[in-house]
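Subject: Structure for your review

Dear colleague,

Please find below the sequence and structure that I am handing over to you. My findings follow directly after it.

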Amino acid sequence: MAPDPTPTDPRSWLTTTPRGLYCAPGGFHIDPAWPVDRAVITHGHGDHARPGHGAALATRETIEIMKVRYGADLGATQDAPYGATTRIGEVDVRLVPAGHILGSAQIVLDWRGARIVVSGDFKRRRDPTCPPFEPVPCDVFVTEATFALPVFRHPPDVEEIARLLRSVETFPERCHVVGVYALGKCQRVIALLREAGYDRRIWLHGALVPLCDLYRREGVDLGDIAPVGDAGRNPADDLFGRETFKGGIVLCPPATLVDRWSRRFPDPLPVAASGWMRVRARARQRGAELPLVISDHADWDELVATVRDVGAPALWVTHGREDALVHQARAMGVAAEALRVAGREEEGA
């Protein structure tokens, strides 16, 4: 029989189970890998937000994202605005912006004077499509470590977008086909292009349209966007719309970047937008002629700064490059250890 949880022993009241992180005095899982009776969800990416739970609590935006991805049959859902406290069992639960994608949240757990913060996925740099990460002082900080190696230092995203626009200007006869994840990365790249002054229509693979429509309904200005299939409907276009795409920008899922679908465009120039583009081998795997280092995750410097900013005496690392971050945190005087949480992947990196 497991010992009774106590607030002075955080591992006794937030534990790893085969279904994911479990908060015993609250009776709920956080981002469970399998259906559970009650879940609290940090954000809408598929390795964190899954369907089939008896009840789920998240931000309203995350619940709307889950409806788009899984349909309306999600079981009972409860949305909570940032900053509001919800009592679940014996635990006060508060959602705080994580700066990762629209609706993303850190989960702040307060129980009998002890506080644990589960960050989900997060980043520290500005993103025009979601509110910024807020450091929350706590006793234990639970973090990701997707890019937890010193080699992963991401350049300013405005510089990466400027590289894309210079390429568009340099090769006006070519179509720039940009591989982006459907949730978060796609909308952020569009918003950054708009902030950089790009006002032409941006074309979308059909798989990207539903979530872009959701972002627009949530008030994120994406400007003039349209599905690729709309091009051939204009009587002024050639039969397949090829002339329309010369000098244009098309966004698509990474898997379609260099396949048959992308070859429909005039002299397509493959572009990949991901934190993994810092690694040349990854860029070659994607077939990226122009790799852009744009990530929705914290880079090495942001991870280290966050460990310092939250001031937690204990750090738990859930997924990614755990060893390096654990070593760095211990050198900073933090009691750090790796957790093994099932079901974490790299969607949206």
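Glu 218 has a relative accessible area of 22% and is therefore partly exposed, as the buried class ends under 20%. Please bear in mind that this model is predicted.

The side chain of Glu 218 forms a salt bridge with that of Arg 60, at 2.7 Å from N to O. Arg 60 is likewise partly exposed, since its relative accessibility is 37%. The two residues lie 158 residues apart, and their pairing joins distant parts of the chain: Arg 60 belongs to helix H2 (residues 60–70), while Glu 218 sits in the loop between helix H5 (209–217) and strand E14 (225–227).

In total, the structure contains 23 salt bridges. Two further examples may be of interest to you.

Asp 127 is classed as buried because its relative accessible area is 7%, and Arg 188 is buried because its value is 1%. Both residues take part in a network of salt bridges that links Lys 123, Asp 127, Asp 157, Arg 188 and Asp 296.

Asp 267 lies in the loop between strand E15 (249–252) and strand E16 (269–273), whereas Arg 174 lies in the loop between helix H3 (157–170) and strand E12 (176–179); the two are 93 residues apart. Arg 174 is buried, with a relative accessible area of 13%, but Asp 267 counts as partly exposed at 46%.

I also examined the packing of one pair of helices. The axes of helix H8 (residues 300–310) and helix H9 (residues 322–331) approach within 11 Å and cross at roughly 40°, which means that H8 is oblique to H9. Their crossing is right-handed. On the H8 side the contact is made by Trp 300, Leu 303, Val 304 and Val 307, and on the H9 side by Ala 324, Leu 325, Gln 328 and Ala 329. Sorted by class, the contact of H8 with H9 comprises 7 nonpolar residues, 1 polar residue and no charged residues.

With kind regards

Technical notes. Residues are numbered from 1 along each chain as its sequence is written. This is a predicted model: local features need pLDDT of at least 70, side-chain atom pairs count only at pLDDT 80 or more; totals for chains, interfaces and linings use all residues. Side-chain values use heavy atoms; hydrogens and water are left out. Axes are lines fitted to C-alpha atoms, for helices over the stretch in contact, and angles run from 0 to 180 degrees between N-to-C directions. Helices (H or I, at least four residues) and strands (E, at least two) are DSSP runs, numbered from the N terminus. Angles under 35 degrees count as roughly parallel, over 145 as roughly antiparallel, 65 to 115 as roughly perpendicular and the rest as oblique. A crossing is left-handed if the near helix is turned anticlockwise from the far one by less than a right angle, and right-handed if clockwise. Contact means heavy atoms within 4.5 Å. Ala, Val, Leu, Ile, Met, Phe, Trp, Tyr, Cys and Pro count as nonpolar, Asp, Glu, Lys and Arg as charged, and the others, Gly among them, as polar. A salt bridge is a side-chain nitrogen of Lys or Arg within 4 Å of a carboxyl oxygen of Asp or Glu. Buried means under 20% relative accessible area, exposed over 50%, partly exposed in between (1.4 Å probe, protein chains only).
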